[in-house]
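Me: Could we go through the sequence and structure together? I would like to begin with the pockets.

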Amino acid sequence: MSGPGAVRLVVLRLFWGGLAGKVLGLLREVLLAAAYGTGAPADAARVAQTATLSPANFFVADTLVAGFLPLHGALLREDPARAAVLFHAVRRVLGGLSLVLAAALLLLAPQAVALLAPGLAPRTAATAAAFLQVMALGVPSYVHFALLSYLEASHGSYRLSSVRPTGQNVGTVGGLLLAWWLSSPVLLAWGFTAGYLVLHAWAAASLRRRGLVPAPPPGPARAEVRELLGLLWVRVRPLVLLPVVLHGSVVVERRIGSAMGPGVVAAVDYARFVADTGVALVAVPLGFAGLAVLGVGAEADARARLERLLPAVLVVVVPVSVLLAARSTDVVELLYGHGAFGAAAVATAGPVLAGFAVGFWAQVVAYVLVKALNARDRNGAAARALVAGLAAGVALTAALHDALGPVVLGLAGSLSALVTAVV
């Protein structure tokens, strides 16, 4: 099945998968707020997750989205044997890198936490390092699951992509409940690791059963492997600067947030979750499906599709953006104002959410446009737009954090999205 009907099915599957994941994610955030508020375990969990996923996505995200997915999809149609060679070559490279990263995080966890969040109190930093060592064990499964989900997507199926948010949140909610029940916060980190170990095992078994994992080719020529990895590199090369800037912007946010006082790092992530929910439910399905259809046909046709799509999206997201910005403190109070999440935490997270909310509409637009550029193999233009946005956000944070306080971290996210959308 192809054409608009297939696109609608993809969008719906990803939407419902994202919605299920976000419902569980909301449950996770509400339980975390009730159990730990913006206290040391919450700060430690946020820092450890960033220290785990930021470097993992450094070499996974764009390699798979803008490189592997379109190239493998094209090879499947033209020469399935070469597609199999590409898959196994990428699996070996990413597998090796993920093991090196996991080992580095295990050995250098205290140093990674000190680099990322130097303002944490010593006990909070020690907790974050312990969390990070546990989460490092899940890095290889995280990377392999991502590769398998894009292998499936290149075959026109999106089951793994739609299940990932739910699976991840089932693991983290389970870990949180155990941590709360047994008074052992480190179980928060085990929820992430166990979730991805299970997801990886299930994905591998599912794709093999469906015949989507190709058998290893019988001794492919090294020249062919180098050629295919070279083609992948040509697609990814324009994006090389992007993960550097992205990782740098995350480090700046965490370093400044941790220096603003206890609980700020956690408060920012509570607020970010609310803003990111809309992007995950609206923009991600549209952008992911766009990779499949906007790359086909003339550029004028792709532009016409976007011109029909974006006004309809804006009609929905602009009012949501305005409402969320105007009632941000009420939203935080409603969602999180229970248990350990007291008035001080609400007073911190509410303005940060308002900062994110004023640019919520721009986040959605920017995501869709960047994925449209990826689909047209204009990765250089996509990278320039993203780098410009990230640089603008970092500049705002660095210049005004003393004057504005935590709200600047939300405003920086909005400015970053706006600049990316404009560029």
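**Pockets, a core and a serine**

Reply: The lining of the second largest pocket is made up, by class, of 13 nonpolar, one polar and five charged residues. Here Ala, Val, Leu, Ile, Met, Phe, Trp, Tyr, Cys and Pro count as nonpolar, Asp, Glu, Lys and Arg as charged, and the others, Gly among them, as polar. This is a predicted model, in which local features need pLDDT of at least 70 and side-chain atom pairs count only at pLDDT 80 or more, while totals for chains, interfaces and linings use all residues. Residues are numbered from 1 along each chain as its sequence is written, and side-chain values use heavy atoms, with hydrogens and water left out.

Me: What volume does the second largest pocket have?

Reply: Its volume is about 430 Å³. Among the 19 residues lining the second largest pocket, Arg303, Leu306, Leu369, Leu373 and Arg378 are the closest to its centre. On a 1 Å grid over the protein atoms alone, a pocket is an open set of points where a 1.4 Å probe fits, with protein on both sides within 12 Å along at least five of seven lines; a cavity is a set from which the probe cannot get out, and lining residues have an atom within 4 Å of a point. Grid points are joined across faces, edges and corners, and a volume is the space filled by probe spheres set on the points.

Me: Which element gives the most to that pocket's lining?

Reply: That is α12, with six residues. Helices are DSSP runs (H or I, at least four residues), numbered from the N terminus.

Me: New topic: how many cavities of 30 Å³ or more are there?

Reply: There are two. The second largest cavity holds about 220 Å³ of space, and its lining has 13 residues, with Arg28, Ala45, Gln49, Thr172 and Leu188 nearest the centre.

Me: And serine 258, is that buried or exposed?

Reply: Serine 258 counts as buried because its relative accessibility is 3%; buried means under 20% relative accessible area, with a 1.4 Å probe and protein chains only. Serine 258 belongs to helix α10 (residues 241-259). A polar atom of its side chain lies 3.0 Å from the backbone oxygen of arginine 255.

Me: What does serine 258 touch?

Reply: Leaving out residues up to four places away in sequence, serine 258 touches Ala117, Pro118, Gly119, Leu120 and Val265. Contact means heavy atoms within 4.5 Å.

Methods:
Helix = DSSP H or I, 4+ residues; strand = E, 2+ residues; numbered from the N terminus. Buried < 20%, exposed > 50% of the residue type's maximum accessible area, 1.4 Å probe, protein only. Polar contact = N/O pair within 3.5 Å; in protein donor to acceptor, adjacent residues only side chain to side chain.
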